[in-house]
Amino acid sequence: MSAEPRQRLTAAERREQIVDVAVRHFGDSGLHGTSTEDIAQEAGLSQPYLFRLFRTKRDLFLACCEACTARVIDAFREAAAGAPEGEKLSAMGAAYGDLLEDERWLRMQLQMYAACADEVIRVRARELYRELVDTVRELSGAAEDELWRFFATGMLINVVSSIGLKEIAGEDAWAASWCDPKSFMPQDS
């Protein structure tokens, strides 16, 4: 019985694999607290090869930020496509709630904002946030005040999720009342 030959990944596939590993590391430890050596080891490659694919640690971090934003945009596009007119914002809000089930992506998103002391990251974070807002505007047709409420509620949901209110919702009525994003997500007008 012979072992199957290991399939070589393309550079694009390897980059995607590395980003998937790095999202968890950066999400847990932030830009400066994360070791690229740990990321490379978990991804099963050498650190020099990681740096051939991502020139710098910052470049890898930015690739994670981009993947995080793309994940949200893809979910919003899918939700809006399946929603009737007048319910697109609500559908996107529900889709975002579903995305939060995988906490590593939320932590990565929050780390992107936390790393904005780095000017390069701040500029890219602004671009990504603008892309997100523009996408929601385009998909929903919502007015600016509705967009503000949608994104403000989304940030509140990020806080509720990141501090783990669901963990105590069974024993704390206050926490329970804040754990259902559908109960306070802005509705389409």
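1. Arginine 24 is partly exposed, at a relative accessible area of 30%. Here buried means under 20% relative accessible area, exposed over 50%, and partly exposed in between, with a 1.4 Å probe and protein chains only. The model is predicted: local features need pLDDT of at least 70, side-chain atom pairs count only at pLDDT 80 or more, and totals for chains, interfaces and linings use all residues. Residues are numbered from 1 along each chain as its sequence is written, and side-chain values use heavy atoms, with hydrogens and water left out.

2. Arginine 24 pairs with glutamate 42 in a salt bridge, 2.3 Å from N to O. Arginine 24 sits in helix H1 and glutamate 42 in helix H2, so the pair ties together parts that are 18 residues apart in sequence. Glutamate 42 is partly exposed, with 42% relative accessibility. A salt bridge needs a side-chain nitrogen of Lys or Arg within 4 Å of a carboxyl oxygen of Asp or Glu. Helices (H or I, at least four residues) and strands (E, at least two) are DSSP runs, numbered from the N terminus.

3. Helix H2 covers residues 36-43, and its buried residues are Thr36, Ile39, Ala40 and Ala43. Seen down the axis of H2, they fall within an arc of 95°, so they line one face of the helix. That arc is taken from the directions from the helix axis to the C-beta atoms. The face turned away from the buried side carries the exposed residues Glu37 and Gln41.

4. What covers the buried residues of H2? The cover includes helix H1 (11-33), helix H3 (47-53) and helix H4 (57-81). Contact here means heavy atoms within 4.5 Å.

5. Now the ends of H2. At its start, a side-chain oxygen of serine 35 comes to within 3.2 Å of the backbone nitrogen of glutamate 37. After H2 comes glycine 44, with a positive phi near 75°.

6. The structure holds 17 salt bridges. One of them joins aspartate 59 to arginine 55, with the closest N and O atoms 3.8 Å apart. Aspartate 59 is partly exposed at 25% relative accessibility, while arginine 55 is exposed at 66%.

7. Glutamate 103 and arginine 107 form another salt bridge, their closest N and O atoms 3.3 Å apart. Both lie in helix H6 (residues 103-114), four residues apart, about one turn of the helix. Glutamate 103 is partly exposed at 43% relative accessibility. Arginine 107 is partly exposed too, at 29%.

8. Salt bridges also link Arg130, Asp134, Arg137 and Glu144 in a network.

Notes
A polar contact is a pair of N or O atoms within 3.5 Å; within protein, one must be able to donate a hydrogen and the other to accept it, and residues adjacent in sequence count only if both atoms are side-chain atoms.
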